[in-house]
Amino acid sequence: MALLFAARFPEKVRRLVLAGAPVDIRAGESGLSRLAAQTPLAVFEELVEFGGGRVLGERLLGLWGPRALDTETVRQVLQVPARMNPDHFLALEAEFQEWYAATVDLPGTYYLQVVEWLYKQNRLAEGGFVALGHRIDLAQLRSPLFLLAARADELVAPEQVFATARRVGTPASDIERAIAPGEHLGLFMGGRTLRTIWPRIARWLGKGAAPRHSARSAVVARSA
């Protein structure tokens, strides 16, 4: 959504970060994009109908991934150091499991647009996406860009993120790339990634910052 905004109003975005964002679905394949491609749209429509116009988060949790993660998986997602105090880890794991189980319902119309327009038709990357009355042309975006992907991301393949560089009008010299260890959630929760890559992104966002009263802003996007 931030990429859509930046391409629609390029003069309002100074710098843009895309972290684990599925921009060009056909550039690579993830477990999620494979499932979306192989599943008839009617199945997704039934999910919306079952939820009375919404997609119930509890049902999605079982469809897209396991309902609960085992201890070792939680350790990997959070990139917990081996020397962490066991009691501290137990508290951290309990907090994570509570968050993981707290699902959010989604509007059915939005959900079906994501499935059909982005995952099945690849409209955003290929110039067929219309937003706010205008066809979105990614080539109009020329702001500096930082692309972040996870090496073992089961939801968004690194190629689906990095292919953005070929779609936008940003000069190659103004595009930064980074690949983090682990899977999708590790991009935002992994201790190692938070200690190493995100400070680098913060420094990059601050380069050439305009005065604080400026209307132009830096925008950070992540996948749902």
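## Charges over aromatic rings

R15 places its charged end over the ring of W204, 4.7 Å from the ring centre. This is a feature of a predicted model. In a second case, the charged end of K12 lies over the ring of F9, at 4.8 Å from its centre.

## Aromatic pairs

The structure contains 6 aromatic pairs. One of them joins W117 and F129 in an edge-to-face arrangement, with 5.5 Å from centre to centre and 85 degrees between the planes. W117 belongs to helix α7 and F129 to the loop between α8 (123-126) and β4 (130-131), so this pair ties together parts 12 residues apart in sequence. W117 is partly exposed, with a relative accessible area of 21%, whereas F129 counts as buried at 11% relative accessibility.

The rings of F146 and W204 are also edge-to-face, because their planes stand at 70 degrees, with the centres 5.5 Å apart. This pair links distant parts of the chain, as F146 lies in strand β6 (residues 145-150) and W204 in helix α12 (residues 191-206), 58 residues apart. Both F146 and W204 are buried. Elsewhere, ring pairs link F96, W99 and Y100 into a cluster.

## Helix α7

Helix α7 covers residues 108-120, and its buried residues include G108, Y111, V115, L118 and Y119. Viewed down the axis of α7, the buried residues fall within an arc of 155 degrees, so they line one face of the helix. After α7 comes N122, which has a positive phi near 55 degrees.

## Surroundings of S30

S30 is located in the loop between β1 (13-19) and α2 (31-38). S30 counts as buried, at 3% relative accessibility. Beyond its neighbours within four places in sequence, S30 contacts D153, E154, L155, V156, A157 and Q160.

Conventions: Residues are numbered from 1 along each chain as its sequence is written. This is a predicted model: local features need pLDDT of at least 70, side-chain atom pairs count only at pLDDT 80 or more; totals for chains, interfaces and linings use all residues. Side-chain values use heavy atoms; hydrogens and water are left out. Helices (H or I, at least four residues) and strands (E, at least two) are DSSP runs, numbered from the N terminus. Buried means under 20% relative accessible area, exposed over 50%, partly exposed in between (1.4 Å probe, protein chains only). Contact means heavy atoms within 4.5 Å. The arc is that of the directions from the helix axis to the C-beta atoms. Rings of Phe, Tyr and Trp (its six-membered ring) pair if their centres lie within 6.5 Å; planes under 30 degrees apart count as stacked, over 60 as edge-to-face and the rest as tilted. A charge sits over a ring if NZ of Lys or CZ of Arg is within 6 Å of the ring centre and within 35 degrees of the ring normal.
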